[in-house]
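This report describes selected local features of one protein model, moving from its strands to its cores, its aromatic rings and its backbone. Please keep the sequence and the structure in view while reading.

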Amino acid sequence: MKIVDLLRRDSICLNGKASGKMDVIDQMASLMEKGGHLSDVKAYKQAVLKREEEGTTGIGEGVAIPHAKTNAVLNPGLAAMTFSEGVEFESLDDQPVRLVFMIGAPDTKDNVHLEVLSRLSMLLMDQRFREHLLHAKSPDAFLKVIDVAEREKFAKEEEISEGESAMAQRQAPSDQKMSGYQILAVTACPTGIAHTYMAQEALEQQARRMGYRIKVETNGSGGVKNALTRDEIVAADCIIIAADKNVEMARFEGKPVIQTRVADGIHKPGELIERAMGGAVPVYHHQSQNGDREESRDGIGHGIYKHLMNGVSHMLPFVIGGGILIALAFLLDDYQIDPVNFGMNTPVAAFFKTIGGQAFGFMLPILSGYIAMSIADRPGLAVGFVGGAVANAGYTFGNMMHYGEVVPISSGFLGALLAGFLAGYIVLGLQKLCAGLPRSLEGMKPMLIYPVAGIGIMGFVMVLINPIVGAINTGMNQALASMGGTSKVLLGAVLGGMMSIDMGGPFNKAAYVFGTASLASDGFDIMAAVMAGGMVPPIAVALCATFFKNRFTRKDRQSAYVNYIMGLSFISEGAIPYAAADPLRVIPSCIIGSAVSGALSMIFGCGLRAPHGGIFVIPTVIHPFQYILAIAAGSVVGGLLMGILKKPVSEE
């Protein structure tokens with residue numbers, strides 16, 4: 001189906017005006033209705049907005065392609081608008097849009113909207129095409145620009161494809177390699193729509209200009225298209241993987257492979273093709289996960305980042321779901337019944353607190369398990385999961401041999417991070433050791449050798465590590481106790497800062513235990529400083545995401561806003577995903593902000609009688625207004641520092 005078949009004159013608005021993204025979507029939906037494509041405008045808009053929640057369709061270069069597949073669409077259709085002045089659309093490049101296409105498709109199996117999306121994305125890669133559309137004087141002229149470009153581009157592609165097929169048929173079998181593709185490529189982005197096809201288009205155009213034969217497989221949201229065959233892979237000189245998500249790699253065993261980001265496929269196609277044909281690309285071996293990774297300027301650093309993100313993305317639902325349920329428990333509980341048991345005093349509160357706590361209990365094993373899986377594929381999952389659980393429980397040889405006599409001390413999320421990476425590389429090591437086993441034992445590796453040996457080694461390593469963390473905790477507690485009588489302000493700053501070092505790990509727990517223990521001796525000021533410091537990290541992250549939007553991807557921004565609730569509920573763990581993703585910038589910012597809050601709480605003489613509760617126990621705080629000011633000041637300081645230190649990020 002052609003683009004011009006779906007776009008009617010009544011659905012085109014030139015030189016329009018809009019106040020923002022929502023206004024653009026409202027106007028575009030009205031244009032879709034005018035074109036006779038919709039049965040329910042409201043339901044269609046809801047579907048479009050739901051798609052925007054998954055990730056913005058503002059793809060950059062002044063272009064947006066909002067779309068939806070829903071029963072509210074009668075027949076496949078398009079609407080288009082141009083703007084003489086740019087409109088804010090939360091685009092990936094944070095630039096205003098001037099050209100918007102909206103796609104509507106009925107909820108059927110043919111995925112018409114994805115086919116049109118791919119065609120639009122390829123055409124919109126051409127700057128001249130975009131400029132011609134923006135300067136069109138009438139809907140007829142607008143349609144003519146699209147028709148000419150579509151006929152020229154896709155007619156040429158069909159001719160090239162037919163010519164290559166005819167040439168292949170005329171080749172002798174001995175010349176089969178010469179008639180095949182010199183370069184094969186795979187493009188994929190997390191959402192599987194615009195950038196997948198834009199990278200395909202850029203690589204194909206550049207290869208054509210340089211005189212090379214290329215075939216590009218797209219791993220889009222509609223599935224794999226233009227799939228690479230075994231014969232094509234065998235005959236190719238090099239493979240380029242321009243992807244920001246996992247693609248099937250085992251088929252490239254023994255071939256030169258370049259692995260890079262999808263953005264490089266769009267912006268650096270010439271460099272990739274030159275490297276691919278330069279003859280210096282290492283051979284890929286699937287078992288050892290080798291290959292030439294052009295992941296970023298840092299190379300190894302970006303690889304670590306991708307592994308971290310795999311763990312963080314799977315951990316985040318446990319943090320958010322559990323955290324909100326715990327917050328509800330404090331909201332619905334009655335502090336007066338039993339202050340020490342606040343959050344569990346009523347049946348409803350106890351339900352939410354218990355279920356939320358269970359979700360939190362999975363958080364660290366999930367983090368380490370999926371980091372390990374990113375490194376070593378599925379065999380790493382169980383090993384990483386167990387490593388995270390052992391780190392969380394704080395098991396040592398001492399407390400296993402003398403159960404009940406030696407108290408375990410959790411190594412927290414830092415221990416889980418370490419466990420995830422160790423587990424991944426332990427499994428990779430086992431894969432290398434088992435590479436020489438007979439093929440008849442191949443089925444035993446993932447089902448017996450990797451889990452048994454991997455979990456055993458992982459457990460032994462983590463049991464060795466946990467006592468070291470316990471010794472550090474003991475030393476910190478002794479140091480804190482010695483500071484109490486000399487400098488309350490300094491003590492407040494240190495305790496507040498410690499709450500942000502590892503957000504639920506040993507430093508955080510040491511400060512929190514010190515604060516709760518002080519309640520027995522009327523040390524309400526110490527507990528107040530501790531909770532203020534623990535509330536700052538999530539709020540600082542949320543503030544940074546609100547006022548420094550280009551420091552986060554759209555998905556991270558959406559998740560970050562929940563941290564307002566988590567921070568106000570004294571759930572420091574809400575900041576863990578962001579600390580894990582960028583520890584050198586996020587953690588110092590949070591430490592300084594928390595230290596400011598802890599120190600101000602001491603200066604203002606604030607006191608807290610409850611060991612938990614966040615804003616829900618503010619009525620019980622001594623000098624509550626000053627306490628709120630202390631928390632706000634530290635959060636602003638942390639958020640500002642984070643915004644200054646973090647670098648702008650680019651999305652696929």
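## A strand between two partners

Strand β1 (residues 7–16) pairs with β5 in the parallel sense over four bridges, where strands are DSSP runs of E with at least two residues, helices are DSSP runs of H or I with at least four, and both are numbered from the N terminus. Two strands count as paired if DSSP finds at least two bridges between them.

The model is predicted, so local features need pLDDT of at least 70 and side-chain atom pairs count only at pLDDT 80 or more, whereas totals for chains, interfaces and linings use all residues. Residues are numbered from 1 along each chain as its sequence is written, and side-chain values use heavy atoms, with hydrogens and water left out.

## A helix with a buried face

In helix α11 (residues 269–276), the buried residues are P269, G270, L272, I273 and A276. Seen down the axis of α11, these buried residues fall within an arc of 165°, so they line one face of the helix; the arc is that of the directions from the helix axis to the C-beta atoms. On the other side of α11, E271 and E274 are exposed. As background, an α-helix has 3.6 residues a turn, so residues three or four places apart point the same way.

## Nonpolar cores

The largest nonpolar core holds 44 residues, of which I371, M458, M503 and M642 touch the most other members; a nonpolar core is a set of buried Ala, Val, Leu, Ile, Met, Phe, Trp, Tyr and Cys residues joined through side-chain atoms within 4.5 Å. At least two residues of this core come from each of α12 (300–332), α13 (347–376), α14 (379–393), α16 (412–433), α17, α20, α23 and α24 (583–603), and the largest share, nine residues, comes from α16. When neighbours within four places in sequence are left aside, M458 is in contact with V383, G387, A419, L422, A423 and I426, contact meaning heavy atoms within 4.5 Å. A second, separate core has 34 residues, among them I326, A510, A511 and M602.

I631, in helix α25 (residues 624–645), is buried, with a relative accessible area of 7%. Its C-alpha atom is separated by 9.3 Å from that of M531, which is 100 residues away along the chain. Apart from neighbours within four places in sequence, I631 is in contact with A532, M535, V536, I539 and S597.

## Aromatic rings and charges

Four aromatic pairs are found in a search of the whole structure; rings of Phe, Tyr and Trp (its six-membered ring) pair if their centres lie within 6.5 Å, and planes under 30 degrees apart count as stacked, over 60 as edge-to-face and the rest as tilted. The rings of F397 and F460 have their centres 5.9 Å apart and their planes at 65°, so this pair is edge-to-face. F397 lies in helix α15 (residues 397–401) and F460 in helix α17 (residues 444–483), so the pair ties together parts that are 63 residues apart in sequence. F397 is partly exposed at 39% relative accessible area, and F460 is partly exposed at 47%.

F552 and Y578 also form an edge-to-face pair, with 6.0 Å from centre to centre and 75° between the planes. This pair links distant parts of the chain, 26 residues apart, with F552 in the loop between α20 (524–547) and α21 (554–560) and Y578 in helix α23 (residues 576–581). F552 is buried, with a relative accessible area of 5%, and Y578 counts as buried at 6%. The charged end of K646 sits over the ring of F552, 5.1 Å from its centre, where the criterion is NZ of Lys or CZ of Arg within 6 Å of the ring centre and within 35 degrees of the ring normal. K21 likewise lies over the face of F89, at 5.0 Å from the ring centre.

## Positive phi in two loops

Most residues other than glycine have a negative phi, and most peptide bonds are trans. N226, although not a glycine, has a positive phi of about 60°; it lies in the loop between β9 (223–225) and α9 (230–235) and is partly exposed, with a relative accessible area of 40%. D377 has a positive phi near 65°, is found in the loop between α13 and α14, and is partly exposed, with a relative accessible area of 40%.

Methods. Buried means under 20% relative accessible area, exposed over 50%, partly exposed in between (1.4 Å probe, protein chains only).
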